[in-house]
Amino acid sequence: MNEVSRNPRRALSRALSRIANAGVAETLAQQGKSITPALSRIGVTGAPGAGKSTLIARLAKLRKGDARKVAVLAIDPTSPISQGSILGDRIRMDSIADDPDIFIRSIPSRRAHDGLTDNTADLLNAMEGHGFDEVILESVGVGQAEYSIRTLVDTVVLVMLPESGDAIQAMKAGILEMADIYVVNKSDLPGAQLMAAEIQQVAERQSTDGWTPPVISTSRNEPDGFAELDAAILAHAEWRKSHRDQTVTQRARARYQAQGLFARRIDEILETDDPGLLDLDPQSLFDALRDKLASDKRD
């Protein structure tokens with residue numbers, strides 16, 4: 001296989017930038033027929049500072065093996081005040097940044113409030129057909145809104161730190177219910193074993209259709225934990241084959257994408273139209289937005 005086909009970074013990076021920056025009209029104009037994803041999608045989420053990026057670097061290197069290609073799409077937080085974003089995941093993944101079989105792209109979250117970014121569904125779809133074997137999606141890690149990632153990926157990995165309060169907060173927010181695999185990262189820190197045991201109790205109560213989310217401990221100096229995580233992802237992929245309806249999955253992703261398009265179009269209208277719209281009562285504002293949306297096709 002030649003170098004161009006094994007390392008499509010430049011062309012794909014341009015395509016992803018175009019998709020990430022596209023407005024609703026441009027997004028719809030670029031849409032072709034519905035895409036049936038062939039790529040396995042792994043979602044990695046958890047609170048900021050949990051070590052998601054470093055863990056992904058180790059995991060991607062492990063999962064690519066000798067003859068596979070892995071793409072990483074990392075969503076970095078955008079400041080609600082300055083609207084700036086530090087796209088630092090490539091720096092934190094420095095150990096794999098130059099690997100020709102691993103593609104890394106950081107995208108700012110912008111206006112999205114679900115730990116992802118406006119065009120996440122389109123970005124993931126764009127990675128189809130580029131020779132990758134799977135894509136790893138890293139979310140911002142903002143709390144309960146993280147549930148959105150479950151719709152777009154096949155396996156959700158939740159990363160937590162010992163003695164950080166992550167487990168308790170995750171239980172309160174219901175985040176533990178969405179994960180397929182739990183990871184206690186930096187497990188050489190005090191409290192890691194106790195935290196893993198607490199999460200294991202929760203996981204056993206959440207066992208469904210034969211799948212009990214495993215609790216895996218990882219640390220920088222212990223490669224066994226990452227190998228265990230790799231094996232758990234493979235096991236979950238096998239379990240999904242007989243326990244998940246692909247049609248239901250596709251419809252859920254289409255719903256997420258449609259809701260996102262409508263939300264973004266409303267934002268565009270409110271940003272560019274007469275600001276006096278916001279002085280209207282709720283019913284009048286709703287009617288005005290509805291009429292504007294209806295006129296889009298005629299325009």
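## A loop arginine and its patch

Arginine 220 sits in the loop between β7 (215–217) and α10 (223–243); helices (H or I, at least four residues) and strands (E, at least two) are DSSP runs, numbered from the N terminus. Because its relative accessibility is 67%, arginine 220 counts as exposed. On that scale, buried means under 20% relative accessible area, exposed over 50%, and partly exposed in between (1.4 Å probe, protein chains only).

Together with Arg58, Lys61 and Lys186, Arg220 forms a positive surface patch. Such patches are made of residues with over 30% relative accessible area and no salt bridge, with like charges joined within 9 Å and nonpolar side chains (Val, Leu, Ile, Met, Phe, Trp, Tyr) within 5 Å. Lys and Arg count as positive and Asp and Glu as negative, while His and the chain ends are not counted. Each charge is placed at NZ of Lys, CZ of Arg, CG of Asp or CD of Glu.

## About the model

This is a predicted model, in which local features need pLDDT of at least 70 and side-chain atom pairs count only at pLDDT 80 or more, while totals for chains, interfaces and linings use all residues. Residues are numbered from 1 along each chain as its sequence is written, and side-chain values use heavy atoms, with hydrogens and water left out.

## The chain as a whole

Here is the overall picture. The secondary structure comes to 12 helices and seven strands. Of the chain's 299 residues, 47% count as buried.

Taking contacts between residues at least 6 apart in sequence, 76% join residues at least 24 apart. Contact here means heavy atoms within 4.5 Å.

## Salt bridges

A search of the whole structure finds 12 salt bridges, each a side-chain nitrogen of Lys or Arg within 4 Å of a carboxyl oxygen of Asp or Glu. One of them joins the side chains of glutamate 134 and arginine 63 (2.5 Å, N to O). Glutamate 134 lies in strand β4 (residues 134–138) and arginine 63 in helix α4 (residues 52–64), so the pair ties together parts that are 71 residues apart in sequence. Both glutamate 134 and arginine 63 are buried. These two also belong to a network of salt bridges that links Arg63, Arg68, Glu134 and Asp230.

Another salt bridge brings together arginine 253 and aspartate 154 (3.1 Å, N to O). This pair links distant parts of the chain, 99 residues apart: arginine 253 is in helix α11 (residues 246–272) and aspartate 154 in the loop between α7 (148–152) and β5 (155–160). Arginine 253 and aspartate 154 are both buried. Arginine 290 and aspartate 291 also meet in a salt bridge (3.4 Å, N to O). With 43% relative accessibility, arginine 290 counts as partly exposed, and aspartate 291, at 43%, counts as partly exposed too.

Asp188, Glu222, Asp224 and Glu228 gather in a surface patch of negative charge. Aspartate 188 lies in the loop between β6 (181–184) and α9 (192–205), and its 56% relative accessibility makes it exposed.

Alanine 192 is in helix α9 and, at 5% relative accessibility, counts as buried. Which residues does alanine 192 contact, leaving aside its neighbours within four places in sequence? They are Pro162, Val184 and Ser187. Alanine 192 and proline 162 are 30 residues apart in sequence, yet their C-alpha atoms are 4.8 Å apart in space.

Conventions:
Accessible areas come from the Shrake-Rupley method with a 1.4 Å probe; for residues, only the protein chains shown count as cover.
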